[in-house]
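Take a moment with the model below.

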Amino acid sequence: MLRDHLSTRTPALFRTYDASVRLIISRPPWARRPLSRSHRFLAAGLTPSDSEHSPHDPPPSFSSEPNIDITSLRNTLDAHREANRASIIRKVDQQGRTTTINNPQNRAVALADSVHYPDQQEPNLNTSSQSAQLFSSRAAQNSRRWSSSPGKIVKGRSRGLATVWRPNNGETLPIRFRLPWLVHLRDARPGTWIPAIDRLSAEIQAFYTYVSPSEEEQRVADSALQDIIRFIKSADGNLDVDIIGSRATGTADALSDLDVNVSNPLTPASMNKLRTPRAILGFLEGAFRGRHKKIKLSHRPFEVIVHLKNAKVPILICRHKSSGLPVQVQCTPRTYDSTEYTKAFLKEYPTLGSLYKVLKQMLVMRALTTGSSGGLTSYPLLNMIVAALKFSEGKFQSTDAGSHLLYFLDMYSEIDFSSQGISIRPPQFFPKEVTEESKLHFPDPKEGAETTETLEYEFEGQRRLIIRSKMHPHLMTLQDPANPSNDLGQSVYRIKDVQETFISLREKLKKAMREWDSSQGTSGGIENSSVVRSLLEPCLGGDYRIYEGDRSDLRKLDQGRRALKKVTI
């Protein structure tokens, strides 16, 4: 029975290789073993007969199969899912040079983890599109159902590096592909030793500098955004188009999504013909695909990958053709609040931007940011960091990124999500079980106190969150400062995995810091050490060749455009 189950169910092979892009590739059912980079392949268009074994094929040996536990079907499925998290995006040779594999028929971009959901509700992803296989995966549904059932004792597990970020066995990568942020370290002078906490702060800032878009990469992204806005306006000039997400808040890296929100402004003319968000996106999809009866656009700068029509916040997942950057078009009126809150927090806390990029990359490299499978997406993560910064105010200097990171890891490693909720305004933990003693946390708004009046909506929101959390008490309860009645943790079904991963990384990081401090007098500089030491290596070290290759493509595209302009001038 186990053999039949594994041989007839063809899993979707997908892999997150940066903070915003997810690829889905069909995998032949006979390819059960983990794929190394030298043996990855694409398979598309499999017919039903392709899923049958040849009569000449040798029977599988469970005793020698590394991904089968004959005593546990659950362990077997988890092992296969982990082995399957890989995709051919580009070919990498021995010298680290990469060649992009362009075959749009064999790959599709799925919903990125930075989808902007104002209320962070899990979308209803009922679609027959092949591009949305990830969302309708029965394995993901069963996993989500199991992890969220009331009364279950939910245990998480620490996640290691996913395949695309994990170096091949026995392969030693150059520093620029293994620890690429070290080249941005300031004052890495030979013979100079600094305390581990100062070194950690320096590496956090170096990583922030490394992943931030260069001028060339930013020009490509800006040009792509202008293409999108012009294209939407050419389809319907009455629509308002706003840039949202990381590109609007300044938290984007070089490969982040291009997120835009379209809306129908309320004018005397539009009042006569109001359109729902689904209707607006349906209209745009027809125009983008060239299927609209009246609107025919000769130049379409991006292609539609999938339209999530039945999601609570409908979204068009697209790809910008020339740059390859993922595009997400949505239609919702509630984007301004969260964007402005994020900008205000970034101004208030100098280390927020760098901490966000470091922590986001930790999770991306371990496949824990996929919102559709219960991962921790961008907006909840950013608010988790803000909460930690508020709780630690007065304990550290405002620019002490190293201490802030350790405090964050301590806070979310030790918190009991089943009994405590988190509020940012006011900064406090609130009980998820209201008793006579805990009622002190929720003052009566009628008492007339000034503080109570200003926080009336926040306290009322906490009451609502407590009631909702009774169904799934193990999930994180995180109050949205932009909408106090919204729980940012209600869709993070993998919060226990996230927490166990934080616990493991905290232990490794603190061990590295103890070893660093114990080696006082030994240079940690790049030029003077045969083995380069990095405190962030346990958290962020990996194989960055694919990531570097994609960034190189963007830079080459900008260089080519600028060279063409000079020739035409």
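Which residue is the bridge partner of Asn-261 in β10? The partner is Gln-330. Keep in mind that this is a predicted model. The bridge belongs to a strand pair. Strand β7 covers residues 258-263, and strand β10 covers residues 326-330. These two strands run parallel, and 4 bridges join them.

Now widen the view to the sheet. β7 and β10 belong to an open sheet of 5 strands, in the order β6-β7-β10-β9-β8. The pairing in this sheet is mixed. β6 (240-244) and β8 stand at the edges. Each has a single partner strand, so one side of each is left without a neighbour in the sheet. From one strand to the next, the twist averages 25°.

Go to the β8 end. Strand β8 spans residues 302-308, and strand β9 spans residues 315-320. They pair in the antiparallel sense, over 6 bridges. One place to look is Val-306, whose bridge partner in β9 is Ile-317. Is β8 mostly covered or mostly open? Mostly covered: 6 of its 7 residues are buried.

What does the side chain of Arg-319 make a polar contact with? It is the side chain of Glu-303, at 2.8 Å. Glu-303 is also in the list of residues that Arg-319 contacts beyond its neighbours within four places in sequence. Asp-257 is 62 residues away from Arg-319 in sequence, yet their C-alpha atoms are separated by 9.4 Å.

Helix α6 (residues 215-235) lies across β6, β7, β8, β9 and β10. It runs at about 25° to β7. Helix α9 (residues 277-289) lies across β7, β8, β9 and β10, and runs at about 145° to β8.

Look along α6 itself. It has 21 residues and reaches 30 Å from its first C-alpha to its last. That is close to the 30 Å expected at 1.5 Å a residue. Which of its residues are buried? Among them are Val-220, Ala-221, Ala-224, Leu-225, Ile-228 and Ile-232. An α-helix has 3.6 residues a turn, so residues three or four places apart point the same way.

Another helix pair is worth a stop. Helix α5 (residues 196-211) packs against helix α16 (residues 495-518), with their axes 9 Å apart. The angle between them is about 125°. α5 and α16 are therefore oblique to each other. From α5, the contact is made by Ala-196, Ile-197, Arg-199 and Leu-200. From α16, it is made by Leu-509, Met-513, Trp-516 and Asp-517.

One more strand deserves a look. Asp-480 is found in strand β13 (residues 479-480). Is Asp-480 buried or exposed? Its relative accessible area is 2%, so Asp-480 is buried. A polar atom of its side chain lies 2.9 Å from the backbone nitrogen of Ala-482.

Finally, step back to the whole chain. It holds 18 helices and 14 strands. Buried residues make up 52% of its 569 residues. Among contacts with a separation of 6 or more, 70% come from residues 24 or more positions apart.

Key
Residues are numbered from 1 along each chain as its sequence is written. This is a predicted model: local features need pLDDT of at least 70, side-chain atom pairs count only at pLDDT 80 or more; totals for chains, interfaces and linings use all residues. Side-chain values use heavy atoms; hydrogens and water are left out. Buried means under 20% relative accessible area, exposed over 50%, partly exposed in between (1.4 Å probe, protein chains only). A polar contact is a pair of N or O atoms within 3.5 Å; within protein, one must be able to donate a hydrogen and the other to accept it, and residues adjacent in sequence count only if both atoms are side-chain atoms. Two strands pair if DSSP finds at least two bridges between them. Axes are lines fitted to C-alpha atoms, for helices over the stretch in contact, and angles run from 0 to 180 degrees between N-to-C directions. Contact means heavy atoms within 4.5 Å. The expected span of a helix is 1.5 Å times one less than its number of residues. Angles under 35 degrees count as roughly parallel, over 145 as roughly antiparallel, 65 to 115 as roughly perpendicular and the rest as oblique.
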